[in-house]
Amino acid sequence: MGASEENSALFPIFVLTLMALPLVPYTIVNLFGAFKKKSAKINCQCSVCVRSGKYHKSIFRRISNFSTYSNLTLVLLWVVMAVLVYYIKHISTEVQIFEPFSILGLEHGASDSEIKKAYRRLSIQYHPDKNPDPEAHSYFVEFISKAYQALTDPVSRENFEKYGHPDGRQGLQMGIALPQFLLNIDGASEGILLLGIVGVCIILPLTISVIYLSRSSKYTGNYVMHSTLAAYYHLMKPSLAPSKVMDVFIKASEFMDIPVRRSDEEPLQRLFVLVRSELNLDLKNIRQEQAKFWKQHPALVKTELLLQAQLTRETAALSPTLQRDFRHVLELAPRLLEELMKMAIIPRPPVGHGWLRPAIGVVELSQSVVQAVPLSARKAAGASSEGYAPFLQLPHFSDAVVKKIARKKVRTFQDFRDMTPDEREDLLTQVAGFSNSESHDVELVLKMMPSVTIDITCETEGEEGIQEGDIVTMHAWITLNRGSGLIRALPHCPYFPFDKEENFWLMLADSFSNDVWLSQKVSFMDEATSIIAVSKTIQESKEGSGASAREINVAVKEALEKVKNGSRLVMGKFQAPAEGNYNLTSFCLCDSWIGSDAKSNIKLKVMKRSRAGTRGGFAADETPAMEDGIEEDEEEEEDDYDDYESEYSEDEEDTKETKSKGAVANGSAHNKGKGSSSDESDSEAE
């Protein structure tokens, strides 16, 4: 057949190749990530989580989890590839070698008379005068005539014997893999070809660019609207109390876009009655307060009531339409809270520090939303600086159970965790009336709860002491331990309908001035990324200090062993402030568990500059240095230090204990987390 037909047959192969090049590696990466993600996420196995159906692997749930736009598109592309493979397999023709004897239906060595006889027979069948079919004409000219000529004409026969073709040496043929209708250029196909070129080269890239730019102009990389970040930035205040963080949180543009229906009025009115005690309304002017609450934007009212339904676990009062809106609000909550946290700790002029008080409030709100615990439960009560909120995240616990075990002098959550399993079982079965299976559920959750240890050092490498204007480098090792021995795990949160990974926020802050000097998000879910990051960090640090290759290898090996054992390295830099003594506190706050936070105290003495030149500033290519080394007067420490406590966790006795244990070396602190941001952790001088 013609060369154009051969080229046209290559078009499906060309399309198949273009599809396979990106699709095959993308599919492999997705499958690998899915298996890795499945093995990394280890959820709670208590009966409450099992009954919630959150992790139930039913066929419907598997299909619904799989039925995302990206997965469906991936499947569709593979179906198209399968169709192309089937099509190519059935239309592809092998390249035929020119064999004149085979074409004429003869055996090699046939006589001239047999050749002429076969030619006359085929001429009757394929000659244009006998057969008007164009394909028969083409076959007669391209094959039969050339075969007869190759066997009867001396020159053609010589060419055939030398080059395998009666026309002599054949040149290299090249074609383009395009459909047949584009190769036969006429008036109609020219227009189609032009439209195809314009569409592929101009319209398609332009459309993709417009979609990308319109989306990027509206959303950030974390899929949060730019308008939400702007609102959070302007509404965030340094004195924002934790109980007022909710008012800022619900101002997100994503929540404002939630539809408000007339059919929602009655269910929202019933929900308002159930959660009214959590809305911080003035009981003395309750009518005016209620009227003021309902005069807000309907979307704000709806969002706050749905969030309070989560905190108070009053979701049974929601209608089916409100249930959908409720799930949508909770699905948005984690990433919106993360952005709100960033707005609290973002450096602000003139000093360039974040704000501690609202940052702790955001973390406390995140903990309460994930664990479905009311904010009022965090208020200090008796000997407990965090109230009874940590108990409510345990399965089968309620206010009545907390009151029962409090009579046995178990007043704080840390007291409860410090008990042996046998003591807890006796307490729960004999005092709280738990069954053995319910007591076992409590033990499972307690083993899942993380305990954090902070080992933090601030130093200037190569220099003695810290002088004003120096670039101070903070090295912090955050170590996570669980009773179950796991490092990566999902928190116990049966009332939160989505998977929620644990995240920790490390903050180096001055509690007295409400300033956050350094902050960083820490995750224990991805060990591979942490290994790569810590290897690079340790190697660059050691090379900068002039260490030998052997010393670098030893340091990297030790750091990798720490990471595998559940530690994460956090590094940060800040410019030393003016001369003086500073009482800093390092907070490690968990956004998913209540009572798993930790903190340690750091005494930092900044001396007046005496070295020649200034090394201050934040030059990108500058390698700052600093070293430990000061001792302070105990009386001076007590006068200067004023620890920060949450609005929900004020305890004078605990603060005094903090001050009495707060003596540490300059720029260094080691602590073992006691499970709470308000609980003091032991520190020892380095």
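Here are some numbered notes on the predicted model above, for someone meeting it for the first time.

1. **Ground rules.** Since this is a predicted model, local features need pLDDT of at least 70 and side-chain atom pairs count only at pLDDT 80 or more, while totals for chains, interfaces and linings use all residues. Residues are numbered from 1 along each chain as its sequence is written, and side-chain values use heavy atoms, with hydrogens and water left out.

2. **The overall picture.** The protein has 28 helices and 10 strands; these are DSSP runs (H or I of at least four residues for helices, E of at least two for strands), numbered from the N terminus. Of its 686 residues, 44% are buried. Here buried means under 20% relative accessible area, exposed means over 50%, and partly exposed is in between, with a 1.4 Å probe and protein chains only. Take the contacts between residues at least 6 apart in sequence: 71% of them join residues at least 24 apart. Contact means heavy atoms within 4.5 Å.

3. **What the record says.** An unreviewed UniProt entry lists residues 12-32, 66-88 and 192-213 under "transmembrane region". UniProt positions are given in the numbering used here, feature names are shortened, and annotations may be inferred rather than shown by experiment. In the model, the span 12-32 is 100% helix and 0% strand, and its end C-alpha atoms lie 29 Å apart.

4. **Helix 17 against helix 18.** Have a look at helix 17 (residues 298-312) and helix 18 (residues 320-345): their axes come within 10 Å and cross at roughly 85°. The axes are lines fitted to C-alpha atoms, for helices over the stretch in contact, and angles run from 0 to 180 degrees between N-to-C directions. Helix 17 and helix 18 are therefore roughly perpendicular to each other. For that label, 65 to 115 degrees counts as roughly perpendicular, under 35 as roughly parallel, over 145 as roughly antiparallel and the rest as oblique.

5. **Who touches whom there.** On the helix 17 side you'll find Lys302, Thr303, Leu306, Leu307 and Gln310, which meet Leu322, Asp325, Phe326, Val329 and Leu330 of helix 18. By class, this contact has six nonpolar, two polar and two charged residues. (Ala, Val, Leu, Ile, Met, Phe, Trp, Tyr, Cys and Pro count as nonpolar, Asp, Glu, Lys and Arg as charged, and the others, Gly among them, as polar.)

6. **A salt-bridge network.** A salt bridge is a side-chain nitrogen of Lys or Arg within 4 Å of a carboxyl oxygen of Asp or Glu, and the count comes to 13 salt bridges. Arg261, Asp264, Lys302 and Asp325 are linked in a network of them. Within it, Arg261 pairs with Asp264, with the closest N and O atoms 3.0 Å apart. Arg261 counts as partly exposed at 25% relative accessibility, whereas Asp264 is buried at 0%.

7. Lys342 and Glu338 form a salt bridge, their closest N and O atoms being 3.7 Å apart. Both lie in helix 18, four residues apart, about one turn of the helix. Lys342 is partly exposed at 33% relative accessibility, while Glu338 counts as buried at 18%.

8. **A bridge across the chain.** The side chains of Lys500 and Asp591 meet in a salt bridge (2.9 Å, N to O). This pair links distant parts of the chain, 91 residues apart: Lys500 sits in the loop between strand 4 (471-481) and strand 5 (504-510), and Asp591 in the loop between strand 8 (580-590) and strand 9 (598-607). Lys500 is buried, at 7% relative accessibility, and Asp591 is buried at 8%. Leaving aside neighbours within four places in sequence, Asp591 also has contacts that include Val363, Ser366, Gln367 and Val370.

9. **Backbone spots to check.** The peptide bond from Pro349 to Pro350 is cis, with omega near 5°, and Pro350 is placed in the loop between helix 18 and strand 1 (354-355). Arg313, a residue other than glycine, has a positive phi near 60°; Arg313 lies in the loop between helix 17 and helix 18 and is partly exposed at 28%. Ala372 is not a glycine either, but has a positive phi of about 55°. Ala372 is found in the loop between helix 19 (356-371) and helix 20 (389-392), and is buried with a relative accessible area of 2%.
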